[in-house]
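Welcome, and let's take a walk through this fold together. Please open the coordinates beside the sequence, and we will go from one region to the next.

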Amino acid sequence: MDLWNLEPVTLAPELETLRGAVRAFLASENGRWEPRCDQWIGGWDASFSRRLGKRGWIGMAFPAQYGGSAAGALARFVVTEELLAAGAPVAAHWIADRQSGPGLLRFGTEEQKNAYLPGIARGEHFFAVGLSEPDTGSDLASVRTRATRVDGGWRISGTKVWTSGAHLAHTLVVLARTAPRTDARHAGLGQFLVDLPCAGVTIRPIRLLTGEHHFNEVVLDDAFVPDARVLGEPGSGWHQVTSELAMERSGPERILSTFPVLAEAAARYTGFGAVVARMWALRQMSLAVAGRLEAGAAPAVEAAAVKDLGTRFEGAVLDAVRQVVEPDPGSDDPLPRMLAEAVLHSPGFTLRGGTNEILRGVVAKELGVR
Ligand SMILES: Cc1cc2nc3c(=O)[nH]c(=O)nc-3n(C[C@H](O)[C@H](O)[C@H](O)COP(=O)(O)OP(=O)(O)OC[C@H]3O[C@@H](n4cnc5c(N)ncnc54)[C@H](O)[C@@H]3O)c2cc1C
């Protein structure tokens, strides 16, 4: 088996032309938003998402019949890395574009694809993902939220936590137990498309250290989901969710969350050569993961390793910049201001999308040493 394949990727000239177009668009946006770190988590700006959608830069993995551009994983990589590097406000459409849309493409019914994918590609329909629970983050198979079969659909009850953007999203994808837990821990799970607002669903903020309202506690109390909004097969939720997590873990946002602060610091001070070299090596590895996705492979080991290395690097960038800049949230200068916000976001870097310990477990298992 081909367990470790990070063949270097050379981008075709038309992808560099695409990069130029994204840079020109970002330059034309001058002044409409402030570049910040971690904008794929914190920068919710529906109008920016719509402007991107108009250019065909959301849903690049979707076929044209569902409103996408079918441009492929490498083209999407180029667009997303430019948006992240610029610190653009991409959070509103991020989850829909990265994982919910591809999940619908893979497991959704024709009706669901037609209902959701064009709106995602236009940058108008946003998604949130309800996996984690108060006692369940890393050990996802132990979710307690339960879905009970009723006439015409399912009733769902349980509590989700850390649900990014649920207060603003149009649809929440809920992982729930559809059958009692047995020794086959991964059996009996299902995914449900909960269109918001929904009777029986209460969404409350959990504030970040910065005070920002990014994620939530979501309580589902007998919320009704019709059969037409079951995603895939009840019982196959584990297989579906692990395929979704591969999309969630494999992108350049796992190395570039703090790039805007690095770019600004390196423009003003010397001494960042080692950090920039490390970033470039990780970027080439992340690009290689995109190359494998483009080739139709499922590079679980490579993506997990790059995410582990990448998210630790995101924190290392802040340590390096703090050697020369004092974080100051109230500064008029964008560099200390950006740095202060990034430092307060940094505890989440190695947690979100699966902690580094869990990722190392994935690598060990695939390599057969666990
Ligand atoms: C910014 C941010 C956004 C998020 N957004 C979402 C979202 O939109 N939707 C969603 O569902 N969740 C979201 N999460 C939750 C995230 O996925 C979980 O925090 C993460 O999976 C860890 O789960 P936990 O917090 O329950 O920690 P726990 O699972 O309790 O882990 C605590 C510690 O124990 C370690 N640990 C646990 N099990 C093992 C093991 N088997 N071996 C070794 N070490 C282990 C972990 O690595 C960690 O260090 C978000 C989190 C953050 C920080």
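Two strands count as paired if DSSP finds at least two bridges between them. Keep in mind as we go that this is a predicted model. With that, look at strand β6 (residues 201–207), which pairs with β7 in the antiparallel sense over seven bridges.

Now step back along the chain from β6. P197 sits in the loop between β5 (189–195) and β6, and the peptide bond leading from L196 to P197 is cis, with omega near -5°.

Moving on past β7, you come to R229, in the loop between β7 and β8 (230–231). Is R229 buried or exposed? Residues under 20% relative accessible area are called buried, and R229, at 13% relative accessibility, therefore counts as buried. Its side chain makes a polar contact of 2.8 Å with the side chain of Y116. Leaving aside neighbours within four places in sequence, the residues in contact with R229 also include E111, Q112 and A115, along with F192, L193 and D195.

Next comes a helix. Helix α5 (residues 91–107) has 17 residues and spans 24 Å from first C-alpha to last, close to the 24 Å expected at 1.5 Å a residue. Even so, α5 has a kink of about 40°, centred on D97. How many of the residues of α5 are buried? The count is 15 of the 17, so the helix is largely enclosed by the rest of the structure.

Let's turn to the ligand. It is surrounded by 17 residues, of which S138, W162, S164, T355 and E357 are the closest. An N or O atom in the side chain of S138 is 2.6 Å from an oxygen atom of the ligand. The backbone takes part in the list too: a backbone N or O atom of S132 lies 2.7 Å from a ligand oxygen atom, and a polar backbone atom of V129 is 2.8 Å from a ligand nitrogen atom.

With a relative accessible area of 47%, W162 is partly exposed.

A70 also has a positive phi without being a glycine, at about 50°. You will find A70 in the loop between α3 (46–54) and α4 (73–85). A70 is exposed, with a relative accessible area of 52%.

Our last stop is A340, in helix α12 (residues 334–345). A340 is buried, at a relative accessible area of 7%. Not counting residues up to four places away in sequence, A340 touches P327, D328 and P329. Finally, draw a line from A340 to T210: the two are 130 residues apart in sequence, and their C-alpha atoms are 9.1 Å apart in space.

How values were computed: Residues numbered from 1 in each chain as written. Predicted model: local features only at pLDDT ≥ 70, side-chain atom pairs only at ≥ 80, totals over all residues. Heavy atoms only, no water. Helix = DSSP H or I, 4+ residues; strand = E, 2+ residues; numbered from the N terminus. Expected span 1.5 Å × (residues − 1). Bend = angle between axes of the 7 residues up to and from the residue. Buried < 20%, exposed > 50% of the residue type's maximum accessible area, 1.4 Å probe, protein only. Polar contact = N/O pair within 3.5 Å; in protein donor to acceptor, adjacent residues only side chain to side chain. Contact = heavy atoms within 4.5 Å. Near = heavy atom within 4 Å.
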